[in-house]
Amino acid sequence: MDQANSLPDKKMVASRIEDLPIRVVSPKVGVFARIQNIWTFRELLVSMVRKELRIKYKNSVLGFLWSLLNPALYLVIYYIVFQKILKNNMPLFAIFLLCGLLVWNFFSNALSSATTTIINNAGIVKKVAFPREILALASVGAALIFFLLQACVLVLALAIFQVIPAFGYLWLVPFALLALVLFASSLAIALSAINVYLRDTQHLMELVLLAWFWATPIVYPFQELGVRLAQKGLLFLYFFNPVTVIVLTFQRALYAKLSYLNNGKAIPLLPGYSPGWFALQLLIVVLVSAVLFIGALMLFSRLEGNFAEEL
Amino acid sequence: MPAAIEIDDISKHFRLYHEKYTSLKERVIHLNKLPYDEFWALKNVSFDVNWGETVGLVGHNGSGKSTLLKCIAAILKPTSGEIRVRGRVAAMLELGAGFHPELSGRENIYLNAALLGVSKKDVDLRFDDIVDFSELGPFIDNQVRYYSSGMYTRLGFAVAVNVDPDILLVDEVLAVGDENFQRKCFDKVEEFQEEGRTIVFVSHSPDIVRRVCDRAYVLDHGKIVGEGTAPEAISILREFQARGSGLASMIASISEDPASHLAPVAAQEEISLPNDRVMVGQISVAFPATAGAGHLTPGDPLAVKVSYSATRPISGVLVGIQLFDQKGDLVFGTDSDLLGLEPLDVDSEGELEFSFPSVAVSDGLFSVAVGFTSAIDQRIYDWQNQELAFKVISNGKSSGYLKLEPRLILNGEAVPFKS
């Protein structure tokens with residue numbers, strides 16, 4: 001021991017002690033501390049997202065091209081089925097569909113992979129200490145990267161079909177994306193924790209996502225249902241679904257057609273709200289998502305304590 | 001100077017499920033029945049670990065020592081209480097936990113380091129050290145799934161020790177790997193000790209605890225039941241095993257004490273009462289050949305005398321002996337059953353002697369441990385240590401550890417001794 005005392009290293013360590021960060025392990029971790037913790041481990045988040053992407057297309061020749069082929073194929077199939085076979089007169093239906101579908105793909109990919117992420121990563125959850133929310137957030141992050149890749153297909157399609165976006169609404173798109181990421185993240189964190197205790201969640205989510213998909217105006221235009229709901233004074237029900245307003249923003253800004261003429265009759269597609277209305281709606285979604293996010297962290301904090309035994 | 005780790009009244013509550021219901025249907029069906037027992041894996045544990053100290057946590061299986069380590073590592077959260085840990089912690093609960101088989105060794109180093117909270121920049125600086133230590137060299141860009149288990153373990157250890165931790169938490173991992181790797185691990189642990197880093201060490205093996213730890217805590221049923229230097233803690237542990245009955249402590253004692261390797265139940269008609277005990281009294285050594293010298297020369301006879309007392313005249317007793325070197329490594333161990341001897345019938349008091357006709361070591365300082373176990377129900381009655389019991393001083397004929405007597409034969413003819 002005496003010998004060790006005389007080593008310079010030991011003194012060096014001793015002088016640093018006061019400056020060292022203190023980690024407190026206690027039953028309750030506050031939400032602020034959790035967020036701070038996630039920030040400290042932001043590099044891990046990046047690494048985890050990169051890992052997800054690498055693994056998905058490891059050993060495949062086309063790699064990332066696969067994720068581009070998916071929306072491209074949708075574009076072609078919907079064009080043939082709806083426009084050529086079913087003679088749907090809606091102009092550029094495939095582009096309309098793609099606007100909503102990209103948003104939905106992100107949302108459903110993020111949630112379904114986040115739901116099982118803690119179980120799938122049981123090995124590290126049981127053996128390594130790190131903020132476990134990172135796993136759920138990495139699912140969202142990976143889905144976001146795929147979304148951005150697929151958005152390239154959409155941009156390309158817009159250029160090919162010479163669709164002119166609504167420039168007055170374009171600035172809302174990143175805002176809508178932010179709202180979407182925040183909303184998806186809070187659900188992802190909550191679902192990832194719940195599924196550890198209740199494995200039914202992952203199967204339930206498949207059904208919920210299917211119903212949710214059709215409750216959102218992706219395949220059919222908003223006004224199809226909106227007009228009828230408005231007549232009964234139930235339009236607000238439509239907006240209980242935060243994804244509706246996000247999808248609507250994408251469609252309004254990029255597809256940008258409010259109605260079209262069919263045999264001399266005007267068929268409404270999208271509502272004629274002003275950019276300000278959209279901004280307000282999105283702001284509400286962001287605020288609600290922020291509250292949900294804090295709630296999800298609190299739930300996660302409660303459930304996390306026994307992850308290691310439950311897995 | 002503040003402590004490195006302050007453990008403040010930690011309790012951890014577990015639910016022990018008889019059957020685990022994780023689906024909704026099962027939960028609804030079994031809504032009113034509680035399919036679990038409640039138990040406390042840790043109960044009101046408090047202690048501090050000082051800077052530069054190596055502290056062992058010992059106890060039988062299920063004593064809570066691994067749970068405690070996981071709480072310190074922040075993998076489990078305690079039910080109540082608080083742990084304050086200063087500085088960067090590297091927990092080695094499983095080497096290579098978090099490695100992804102599809103990724104290359106290089107990618108896994110970065111991922112694993114990120115899991116331990118180390119930035120990419122820091123890993124860049126240490127990357128070569130990590131690869132050197134892992135001895136993977138050209139294989140570092142291969143996918144980890146093609147690695148052998150040895151390569152996997154080496155890489156895991158290399159990352160964990162090269163992230164510059166202030167505190168290292170080790171759970172039994174040093175017990176894996178080949179001998180060469182184990183030596184490397186122990187060297188690294190010693191290096192850490194010299195650099196004044198703090199280590200918390202969980203082990204089943206008294207040998208390793210004795211060798212590595214400055215201090216140790218003994219846990220039993222989630223409580224701290226003893227504390228002391230490594231040898232002290234080990235004898236407290238043995239005492240607890242002797243007192244405690246039940247399967248868990250028995251299994252642990254079998255795996256921990258090679259000398260108390262126990263025979264199948266010998267004689268069913270003999271009875272063993274729960275209060276029966278055979279206690280080790282005085283352990284003394286005698287040197288029949290060199291009575292005055294106070295030490296042995298290689299090959300001398302040795303006698304180990306043990307006085308004992310029993311609660312009543314008991315039959316079916318086994319006696320075991322172990323010799324340890326100065327580092328705490330077991331050099332010899334056996335018991336009367338392994339030697340093929342009949343179980344002993346002991347009176348309430350008496351003396352035993354192990355007589356060694358020749359001690360075939362060349363040099364060193366040795367300690368002796370003696371214990372009694374029951375041949376009937378495998379219980380350990382008592383186990384005691386005698387530190388630094390005897391010394392062997394080389395006679396100059398050889399160096400090293402063992403006393404061997406080689407003969408030299410030149411072209412089929414024995415080389416004669418000097419006249």
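Against which elements of chain B do the buried residues of α5(B) pack? The model is predicted, and I read every value below as computed from it.

**Entry 1: helix α5 of chain B**

I found that the buried residues of α5(B) pack against β5 (89-92), α3, α4 (120-134) and α6 of chain B. I then looked up the helix itself: α5 covers residues 149-161 of chain B and has 13 residues. From the first C-alpha to the last I noted a reach of 18 Å, close to the 18 Å expected at 1.5 Å a residue. I asked next how many residues of α5(B) are buried. The helix is mostly covered, with ten of its 13 residues buried. I listed the buried positions as B:Tyr152, B:Thr153, B:Arg154, B:Leu155, B:Gly156, B:Phe157, B:Ala158, B:Val159, B:Ala160 and B:Val161.

**Entry 2: chain B as a whole**

I recorded nine helices and 19 strands in chain B. Chain B has 419 residues, of which 42% count as buried. I also looked at contacts in chain B with a separation of 6 or more, and 73% of them join residues 24 or more positions apart. The domain assignment gives chain B a domain 1 at 5-230 and a domain 2 at 276-392. Taken over C-alpha atoms, the centres of these two domains of chain B are separated by 36 Å.

**Entry 3: where chain B touches chain A**

I counted 45 residues of chain B in contact with 37 residues of chain A. On the chain B side, the elements that give two or more residues are α2 (65-72), β4 (80-86), α3 (105-115) and α6 (179-194). Which element gives the most to this side? I found that β4(B) does, with six residues. By class, I noted 21 nonpolar, twelve polar and twelve charged residues on the side of chain B that touches chain A.

I then followed β4(B) across to the other chain. Strand β1 of chain A, residues 22-25, pairs with β4(B) in the antiparallel sense over four bridges. Within this pairing I looked up A:Arg23, and its bridge partner in β4(B) is B:Val85.

**Entry 4: nonpolar cores**

I looked up the largest nonpolar core, which has 156 residues. The residues with the most contacts inside this core are A:Leu180 and B:Leu169. Helix α10 of chain A, residues 172-197, supplies the largest share of the core, 17 residues. I then asked which residues A:Leu180 touches, not counting residues up to four places away in sequence. They are A:Val103, A:Phe106, A:Phe107 and A:Ile246. Apart from this core I found another, of 28 residues, including B:Ile321, B:Phe324, B:Val359 and B:Val368.

**Entry 5: two residues with positive phi**

I looked up A:Gln162, which is not a glycine and yet has a positive phi, near 50 degrees. A:Gln162 sits in the loop between α8 (133-160) and α9 (167-170) of chain A. Is A:Gln162 buried or exposed? I noted that it counts as exposed because it has 7 C-beta neighbours inside 10 Å, and the cut-off for exposed is 12 or fewer.

In chain B I looked up B:Asn411, also not a glycine, with a positive phi of about 50 degrees. B:Asn411 lies in the loop between β18 (409-410) and β19 (413-414) of chain B. I found 5 C-beta neighbours inside 10 Å of B:Asn411, so this residue counts as exposed.

Technical notes:
Residues are numbered from 1 along each chain as its sequence is written. Chains are lettered from A and ligands numbered from 1 in the order in which they are written. This is a predicted model: local features need pLDDT of at least 70, side-chain atom pairs count only at pLDDT 80 or more; totals for chains, interfaces and linings use all residues. Domain bounds come from an automatic or database domain assignment. Two residues are in contact if their C-beta atoms, placed from the backbone, lie within 7 Å. Ala, Val, Leu, Ile, Met, Phe, Trp, Tyr, Cys and Pro count as nonpolar, Asp, Glu, Lys and Arg as charged, and the others, Gly among them, as polar. Two strands pair if DSSP finds at least two bridges between them. A nonpolar core is a set of buried Ala, Val, Leu, Ile, Met, Phe, Trp, Tyr and Cys residues joined through C-beta atoms within 7 Å. A residue is buried if 20 or more other C-beta atoms lie within 10 Å of its own, exposed if 12 or fewer, and partly exposed in between; C-beta atoms are placed from the backbone. The expected span of a helix is 1.5 Å times one less than its number of residues.
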